[in-house]
Amino acid sequence: MKNTYPARPWNIAEIMLLMLWAGIAFLTWSFMHKADHFLEMTPEALGKYFNLRWILILHITAGGGALIMGPFQFWERLRSKNPRLHRIVGVLYLLAIAASGLCALILAFTTAKSVNWPYAFSAQVWVSVWLTSTFIAYRAAISRKFKLHKEWMTRSYIVTLAFVVSGSLLKLPAVQRLGDFADTSPTFFWLGWAVPLYIYEMVLAYRRKA
């Protein structure tokens, strides 16, 4: 007779992760919903992006996919119970970032320059950090350095989240009163990923010391 074991109940960390995923899914939907007008594919709707419209659409859709898939990479139950599914989701996350990041890099060196130089430069650095942190996480997994892989996956997802964090902050009335988009966006681009990464590095340093 086959032994059966009761399913392990969800712990607090898993419930919090689920709530985080739900919040991220809502923010992603809201963020992408505001870009629906780009789907009209007209010069009026796309403006400076018209000549690179397919690059823009791929950047938005693949980036949204990465945002949704990211939290599943940190689900301990998934990693332990179904490592194959964990690897599949990880590969899809990697491909989504590769597609979205390369498209973002093209946009950062083309259309971004029409805003101003600080905007374009901040976008170029941001996307470069996004791609390199994800690649290092992938290389660590291939080398079976799983602790290092988890750390770099966390860095990668922090930078992934920065897209909706910065976008949401820039839409706040208090931020919009500080100046127009061209003036304020570079600062909040840096704020969206650099500050969370710095906090994460402090947390890692504290854990290693302890």
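Biologist: At what angle do H3 and H7 pack?
Modeller: In this predicted model, the angle between H3 and H7 is about 125°, and their axes are 10 Å apart.

Biologist: Why give both an angle and a distance?
Modeller: Because two packed helices are described by the angle between their axes and the distance between the axes.

Biologist: Now H6 and H9. How do their axes cross?
Modeller: They cross at roughly 20°, and the axes come within 8 Å. Angles under 35 degrees count as roughly parallel, so H6 is roughly parallel to H9.

Biologist: What is the handedness of that one?
Modeller: The crossing of H6 and H9 is left-handed.

Biologist: Who makes the contact?
Modeller: On H6, the residues are Pro118, Tyr119, Phe121, Ser122, Ala123, Val125, Trp126 and Val129. On H9, they are Phe181, Ser185, Pro186, Phe189, Trp190, Trp193 and Leu197. By class, the contact of H6 with H9 has 13 nonpolar, 2 polar and no charged residues.

Biologist: Next, the largest nonpolar core. How many residues does it have?
Modeller: It has 29 residues, and those with the most contacts inside it are Tyr93, Trp126, Val159 and Trp193. Two or more residues come from each of H3, H5, H6, H7 and H9.

Biologist: Which element gives the largest share?
Modeller: H7 does, with 8 residues.

Biologist: You listed Tyr93. What is it in contact with, leaving aside neighbours within four places in sequence?
Modeller: Tyr93 is in contact with Ala66, Met69, Gly70, Thr134, Met153, Ser156, Tyr157 and Thr160. Ala66, Tyr157 and Thr160 are also among the residues where H3 meets H7.

Biologist: Last topic, Arg144. Where is it?
Modeller: Arg144 is found in the loop between H6 and H7. Arg144 has a positive phi of about 60°, although it is not a glycine.

Biologist: Is Arg144 buried or exposed?
Modeller: Its relative accessibility is 62%. The cut-off for exposed is over 50%, so Arg144 counts as exposed.

Key
Residues are numbered from 1 along each chain as its sequence is written. This is a predicted model: local features need pLDDT of at least 70, side-chain atom pairs count only at pLDDT 80 or more; totals for chains, interfaces and linings use all residues. Side-chain values use heavy atoms; hydrogens and water are left out. Helices (H or I, at least four residues) and strands (E, at least two) are DSSP runs, numbered from the N terminus. Buried means under 20% relative accessible area, exposed over 50%, partly exposed in between (1.4 Å probe, protein chains only). A nonpolar core is a set of buried Ala, Val, Leu, Ile, Met, Phe, Trp, Tyr and Cys residues joined through side-chain atoms within 4.5 Å. Contact means heavy atoms within 4.5 Å. Axes are lines fitted to C-alpha atoms, for helices over the stretch in contact, and angles run from 0 to 180 degrees between N-to-C directions. Angles under 35 degrees count as roughly parallel, over 145 as roughly antiparallel, 65 to 115 as roughly perpendicular and the rest as oblique. A crossing is left-handed if the near helix is turned anticlockwise from the far one by less than a right angle, and right-handed if clockwise. Ala, Val, Leu, Ile, Met, Phe, Trp, Tyr, Cys and Pro count as nonpolar, Asp, Glu, Lys and Arg as charged, and the others, Gly among them, as polar.
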